[in-house]
Amino acid sequence: MKYHSISFGTRMAISRKGLLLKLLGLLSLFLIFVIGGSFIGEEQIEANMSQKNLGPSIRHLFGTDWLGRDMFFRTLSGLHLSFRVGLFSAAISTLIALILSLLSSYNKYFDAMVTILIDLLLSIPHLVTLILIAFVLGGGVKGVVVGIALTHWPSLTRVLRAELMQMKTAEYVQISKKLGKSRIWMVRNHFLPQILPQLLVGFILLFPHAILHESAITFLGFGLSPEQPAIGIILAESMKYLTAGMWWLVLFPGLSLILMVAMFEAMGNNFRKMFNPQ
Amino acid sequence: MEKWLGAFMLELKNISFRYNRSKWLFKHVNLAIGQGEIVGMYGKSGSGKTTLAKIMANYLSPAEGEILIDGEKMNNEKYYPVQLIWQHPEKAINPNWKLSTIIDEAEGLNEEIFSLLGIQKEWLNRRPHELSGGELQRFCIARAFGPNTRYIVADEITSMFDALTQAQIWHAFIKLVKERNIGVLAISHHIPLLEKISDRLIDFNKLKSCPNITN
């Protein structure tokens, strides 16, 4: 009789290593975006009338626009701005989700309140609420960040709430209570470590949403102001020149936006796989 | 004057319980466990032994009746002097914690408890999935022996041990209990075991059906 050895352990280790490498690759790619964006000063994107409406070339990778501004640097700084908006709004959104889900685990009245809030916000399309909030706050970075932060927490809150509900009835949590532990102690030691992976994955997956929505409402004219080099602004302005055959004004910024969003999606999914290998 | 009569006992007075308006699981159960006394209880599965255990350790509140601990009613917030040791150690331990954290959670445990229960030092650095159910159960047992524990409800705590380990664990358990004068309700299907360890035996079905006889 022959015995077969089962090597789940090593295979899992290899795939985990692969995932980690992928993650590192993505992280470095996106660090280039961020660090690259912060080094771009005014002089690189200032108007230069002698070089307007040029197509993509070695000197101007993404071409230049109708004012002779280099589109490559405009796109990079646009992505940088999008990244910052995404970071802030995703962070605030995650924080709101965490607080509300902990609140809903406190007792059933809070839970009912939070559930109603979630249903209320999920029943309206994001973009509508977002436009409303951004408009009320007068647009700009503040309006966009607050708008995105206030509209994107419900789905994450639902996930966290379900996880906490399940944990609350776990035997070890009940035992902890009978050992005289306070609620805060239990939140810190039992609940938070358990929901941390979900929180992190939720945060990263909120990012692409936030960036896309930022671009969307900026494109529609309710978001950032026109002098800021945001992708939404670039795309909206370029629409007018598209019919004149200046395709590079739209193609490259649009592509890089999609690239950045796809990168965050991949990163979030890889993180999820790493925490939850099934 | 009334206190001395009921003093130093865990008393269940007229306890009735049912889950959400379904049939009464039991009605008017009376039971008293003295300090340092080991009471064995057996009964059919599904008859509500574990529910009674949960009521005694304040995990569930009874529909009727009251529980007095050394003549007093206890509130919920503090360390509860009646500790329940659960049937399934895998569920009673946070799967993400190191076992040393579990020891830290129950503050003020005596070193002697670990050696008596055969808990080895190197287990403390491991995580729950690296230990067997029997090894985890030793931690669950140790955890119940906090300095403020006055009574312990042991619900099928050795069903996952082999006979030899079972004997060893109960030996340690009884020694600890007698040393600290802790009252115990031991629940099991295994009547010979109960006969061996307990000072007094109760049939749960009789307890349920003869409400007027106080044990």
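This is a predicted model: local features need pLDDT of at least 70, side-chain atom pairs count only at pLDDT 80 or more; totals for chains, interfaces and linings use all residues.
User: Staying with chain A, where does UniProt put the "transmembrane region" feature?
Analyst: The unreviewed UniProt entry places it at residues 20-40, 81-104, 116-137, 143-160, 191-212 and 245-264 of chain A. In the model, residues 81-104 of chain A are 100% helix and 0% strand, with the end C-alpha atoms 34 Å apart. Residues 191-212 of chain A are also 100% helix and 0% strand, and there the end C-alpha atoms are 32 Å apart.

User: Which residues does UniProt list for the "domain: ABC transmembrane type-1"?
Analyst: Residues 79-268 of chain A, again from an unreviewed entry. That span is 84% helix and 0% strand in the model, and its end C-alpha atoms lie 19 Å apart.

User: I clicked on L205(A). Which helix is that in?
Analyst: L205(A) sits in helix 8 of chain A. From L205(A) to S82(A) the separation in sequence is 123 residues, while their C-alpha atoms are 15 Å apart in space.

User: Why is L205(A) called partly exposed?
Analyst: L205(A) has 19 other C-beta atoms within 10 Å. A residue is buried if that count is 20 or more and exposed if it is 12 or fewer, so a count in between makes a residue partly exposed.

User: New topic, chain B. How many helices and strands does it have?
Analyst: Chain B has nine helices and eight strands. The radius of gyration of chain B is 17 Å, close to the 17 Å that the globule rule gives for 215 residues, so chain B is as compact as a globular protein of that length. Its C-alpha atoms fill a box of roughly 50 × 35 × 35 Å along the principal axes.

User: What percentage of chain B counts as buried?
Analyst: Of its 215 residues, 36% are buried. Among contacts in chain B with a separation of 6 or more, 75% join residues 24 or more positions apart.

User: What is the strand order in the five-strand sheet, and is its pairing parallel or antiparallel?
Analyst: The order is 5-6-7-3-8 in chain B, the sheet is open, and the pairing is parallel. From one strand to the next, the twist averages 20°.

User: How many bridges join strand 3 to strand 8 there?
Analyst: Four bridges join strand 3 (residues 38-42) of chain B to strand 8 of chain B. V39(B) is opposite R200(B) of strand 8. Helix 2 (residues 49-56) of chain B packs on this sheet and touches strand 3, strand 5, strand 6 (151-155) and strand 7 (183-187) of chain B. The direction of helix 2 makes about 155° with that of strand 6 of chain B.

User: And what order does the three-strand sheet have?
Analyst: This open sheet of chain B runs 2-1-4, with antiparallel pairing. Its edge strands are strand 2 (26-34) and strand 4 (64-69) of chain B, and the twist averages 10° from one strand to the next. Six bridges link strand 1 (residues 9-17) of chain B to strand 2 of chain B. L12(B) has L31(B) in strand 2 as its bridge partner. Helix 2 of chain B packs on this sheet, touching strand 1, strand 2 and strand 4 of chain B.

User: Last one: where is N20(B)?
Analyst: N20(B) is in the loop between strand 1 and strand 2 of chain B. N20(B) is not a glycine, yet has a positive phi of about 40°. N20(B) is exposed, with 4 other C-beta atoms within 10 Å.

Conventions. Residues are numbered from 1 along each chain as its sequence is written. Chains are lettered from A and ligands numbered from 1 in the order in which they are written. Two strands pair if DSSP finds at least two bridges between them. Helices (H or I, at least four residues) and strands (E, at least two) are DSSP runs, numbered from the N terminus. Axes are lines fitted to C-alpha atoms, for helices over the stretch in contact, and angles run from 0 to 180 degrees between N-to-C directions. Two residues are in contact if their C-beta atoms, placed from the backbone, lie within 7 Å. The radius of gyration is taken over C-alpha atoms; the globule rule is 2.2 Å times the number of residues to the power 0.38. UniProt positions are given in the numbering used here, feature names are shortened, and annotations may be inferred rather than shown by experiment.
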